[in-house]
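Dear colleague,

Please find below the structure that I am handing over to you.

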Amino acid sequence: MWARLPRGRSRTATSSSFPTDDWLAAVLATPGLTGLRDLEAAREMLFADALRALPLIERYDGPLIDVGSGGGSPGLPIASALPDREVTLLDAERGKCDFLRRWAPPNAQVVWGRVEEQPLERWGVAMAKALAQPATAAEWCLPLVRVGGAAILWLGVSADVPRLGRVSAHLGGGIPELYDGLAVLPKVAPTPPRFPRRVGVAKKRPLA
Ligand SMILES: C[S@@+](CC[C@H](N)C(=O)[O-])C[C@H]1O[C@@H](n2cnc3c(N)ncnc32)[C@H](O)[C@@H]1O
């Protein structure tokens with residue numbers, strides 16, 4: 001069911017000016033940002049795993065938003081690899097936003113707030129890694145994306161993809177495309193005006 005990731009211009013890009021190991025060491029040293037314990041695992045899970053999405057992101061124009069950025073993955077590696085793209089790093093927790101501000105490159109802005117309260121139909125790509133169950137993450141991300149863009153979700157290989165497709169259809173999203181643990185939900189129509197639902201509802205009562 002999972003396709004291989006396409007090769008893209010930045011597939012092997014690393015961000016030479018971004019102090020990757022310093023950032024990762026700070027993530028590991030800051031309570032509440034990760035359950036990972038060592039730098040090697042952090043390089044793999046927070047940095048390399050984020051950059052896997054570059055060829056998918058580059059298919060879409062416009063600004064990017066990382067929803068629930070936490071310690072900065074995937075948003076910081078992607079912002080540093082794509083310095084010409086405007087990137088928003090969004091998190092609901094103030095302390096995490098303070099941390100993100102210390103590491104954000106010039107093309108990234110940090111927003112402290114809840115996803116349900118952000119502007120709609122604004123971004124070319126909304127991405128989320130370990131934010132919530134896929135149905136909830138899709139409901140949070142797709143309304144932020146303009147038609148022609150996409151939501152990109154990092155999923156486990158056991159994710160219920162048919163269910164994700166049903167959720168996507170409610171939100172103006174198309175059929176999920178699957179690449180090696182990543183789901184691309186294309187935005188094919190404006191999200192209906194009944195979204196976003198009230199804070200907390202997407203988690204409590206998923207659409208499918
Ligand atoms: C498990 S962490 C994942 C962090 C990061 N994406 C990663 O993969 O390491 C989930 C993050 O989502 C944030 N979050 C949860 N619900 C949110 C909401 N409704 N709006 C914005 N951020 C939210 C949390 O504060 C937390 O930092």
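**Findings**

Of the 208 residues of the protein chain, 41% count as buried; a residue is buried if 20 or more other C-beta atoms lie within 10 Å of its own, exposed if 12 or fewer, and partly exposed in between, with C-beta atoms placed from the backbone. Please note that this is a predicted model, in which local features need pLDDT of at least 70 and side-chain atom pairs count only at pLDDT 80 or more, while totals for chains, interfaces and linings use all residues. Residues are numbered from 1 along each chain as its sequence is written.

The protein chain holds 8 helices and 7 strands; helices (H or I, at least four residues) and strands (E, at least two) are DSSP runs, numbered from the N terminus. Its C-alpha trace spans about 40 × 35 × 30 Å along the principal axes.

The 7 strands form an open sheet with mixed pairing, in the order S3-S2-S1-S4-S5-S7-S6; two strands pair if DSSP finds at least two bridges between them. Strand S3 (108-112) and strand S6 (177-179) are the edge strands, each pairing on one side only. Strand S2 (residues 87-91) runs parallel to S3, and 5 bridges join the two. Asp 91 has Trp 112 in S3 as its bridge partner.

Helix H6 packs on this sheet, touching S1, S4, S5 and S7, and its direction makes about 150° with that of S5. Axes here are lines fitted to C-alpha atoms, for helices over the stretch in contact, and angles run from 0 to 180 degrees between N-to-C directions. Because 8 of the 8 residues of H6 (residues 134-141) are buried, the helix is largely enclosed by the rest of the structure. Among the partners of its buried residues are also helix H7 (161-170) and helix H8 (201-204).

Arg 146 lies in strand S5. This residue is partly exposed, with 18 other C-beta atoms within 10 Å. Beyond its neighbours within four places in sequence, Arg 146 is in contact with Gly 62, Glu 121, Arg 122, Trp 123, Gly 124 and Lys 187; contact requires C-beta atoms, placed from the backbone, within 7 Å. The C-alpha atoms of Arg 146 and Val 188 are separated by 8.7 Å, although the two are 42 residues apart along the chain.

Finally, 15 residues surround the ligand, and the closest are Gly 68, Gly 70, Ala 92, Val 115 and Ala 130; a residue counts here if its C-beta atom, placed from the backbone, lies within 6 Å of the molecule.

Definitions and conventions:
Two residues are in contact if their C-beta atoms, placed from the backbone, lie within 7 Å.
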